[in-house]
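The sequence and structure come first.

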Amino acid sequence: MNIPAELRYTTSHEWARLEADGSVTVGITDHAQELLGDLVFVELPEADKALAAGENAAVLESVKAAADVYAPVSGKVAARNEALSDAPEQINQDAYAAWLFRLVPANPAEFGQLLDAAGYKALVNAET
Amino acid sequence: MPKTTILNAAHHALNARMVDFGGWEMPLHYGSQIGEHHAVRRDCGMFDVSHMCALEIVGPDATPFLSRLLANNVAKLKTPGKALYSPMLNEAGGVVDDLIVHRLSDCRYHMVINAGTAEKDLAWMSGHLADWHLRAELFPMRAGERAVAMIAVQGPNARRKTWEAAPDLRAATESLPPFFGVEVGRMFVATTGYTGEDGFEITLPAGQAEALWQALHKAGAQACGLGARDTLRLEAGMNLYGQDMDENVSPLDAGLAWCVDLASERDFVGKAALLAQGQRAQFLGLKLLEKGVLRAHQKVRTPQGEGEITSGTFSPTLETAIALARLPLGVAAGSAAQVEIRGKWLSAQVVAPPFVRHGKKLA
């Protein structure tokens, strides 16, 4: 199972990375992309939108199903990975390189409450 | 415990992602659903469809029985082996199931019914046989010595790869026209399918299935799951039972008027209801003109009123979202429509299915 040690995770299968400038980059895990199958559509959050932790932030659609992506922490949308709208398959190819959006956290303490790699691995093992 | 087909271990060996499909553990895909889809359009794919139920209907009254049971007319089957697609209706004109039946002789037919409806269908057919006092018997080929497996080999290179894997089938199937079937030893090979491509559906004794599957794999047939099967049939404009029609939907409102024989004098179950109701809706295709994916149950707006998507997906061939939809009468192919996706109304175009046939884009 591909679960990079340097990232943090949510119970809803997002990954989050704390950048040097304090922003948080968000994507979905390799496990999540595998469950969804071939992705064909990505709807990203609007720029500057303020999101609460756990709020519906983006939508991914595979051939099979639609899935919501939730904000791991609260904050304002600072960047979106626009390249994904023409190439959603990048998420299947490398879920940790194909980030979805970046947040400027409203409450930096929230990041510390996310799962670490070991915690996420235990969660996936319990689900499968 | 879900039911499994005889090829279950073979699917696991190919790392299939298995899912529950109507009580059967079946492969969804073997890695990439889109890759499998393209393999069928461009080369050759194979599907385990052993969850479906094959049966024989045998007896002196087999023909009058099917003539009264089915909405399409088995009298059209003049040549042995010829296949007929037909809805089987209830008295209210709703669809109990859709099926394919081949005439082997006047008193022997080969039929394939859907997996999820098999028990219900067999009870329905037995009940009518008894009620009508007709001399025919149903022989489902599911258990014991009769147990069969079914492998669909589909794609422009399907015939060639099948003959490479099973040279014994070549002589009997080389000049078999589309929508026919032939018995070859204990196998039944039909030129039918659910993809819009050329190919075979092979029914064979369960014990021989693994060897044929492996031989096809070696010949280069790509193993394909139910995921690709769904996108292929949707592109081909073929209905899926339980989604595009069911017991509460008239075949006339599900795009199946072409296989309901209302022209002849013949009476059949559901005919009176269909004549009384007439057609109440149209069944057409939709192509999404914006980004997104069409899905079943999304609402459709047309100048003639509201409709509903019954099957939707992303078409790997057209690289856009497509759907089959039940729309108000009067909506014409080529006209504009809107589809509601997550609260937004997106632009779509009404098209006449199929979207793709024999590898060619039609819509």
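Two strands count as paired if DSSP finds at least two bridges between them. The model discussed here is predicted. In β17(B), Ala325(B) is the bridge partner of Ile309(B). Ala325(B) also stands opposite Leu284(B).

| Partner strand | Sense | Bridges to β17(B) |
|---|---|---|
| β14(B), residues 282-288 | antiparallel | six bridges |
| β16(B) | antiparallel | seven bridges |

Strands β16(B) and β17(B) form a hairpin with four residues between them, and in this hairpin Glu319(B) has a positive phi near 55°.

Strand β17 of chain B spans residues 320-327, and eight of its eight residues are buried, so the strand is largely enclosed by the rest of the structure. A residue is called buried here if 20 or more other C-beta atoms lie within 10 Å of its own. In a regular strand, side chains alternate between the two faces of the sheet. Both faces of β17(B) are covered. On one side, Thr320(B), Ile322(B), Leu324(B) and Arg326(B) are buried; on the other, Ala321(B), Ala323(B), Ala325(B) and Leu327(B) are buried.

At the interface between the chains, 12 residues of chain B are in contact with 10 residues of chain A. On the chain B side, the elements that give two or more residues are α2 (33-42), α8 (226-235) and β16 (305-315). The residues on that side comprise three nonpolar, seven polar and two charged.

Conventions
Residues are numbered from 1 along each chain as its sequence is written. Chains are lettered from A and ligands numbered from 1 in the order in which they are written. This is a predicted model: local features need pLDDT of at least 70, side-chain atom pairs count only at pLDDT 80 or more; totals for chains, interfaces and linings use all residues. Two residues are in contact if their C-beta atoms, placed from the backbone, lie within 7 Å. Ala, Val, Leu, Ile, Met, Phe, Trp, Tyr, Cys and Pro count as nonpolar, Asp, Glu, Lys and Arg as charged, and the others, Gly among them, as polar. A residue is buried if 20 or more other C-beta atoms lie within 10 Å of its own, exposed if 12 or fewer, and partly exposed in between; C-beta atoms are placed from the backbone.
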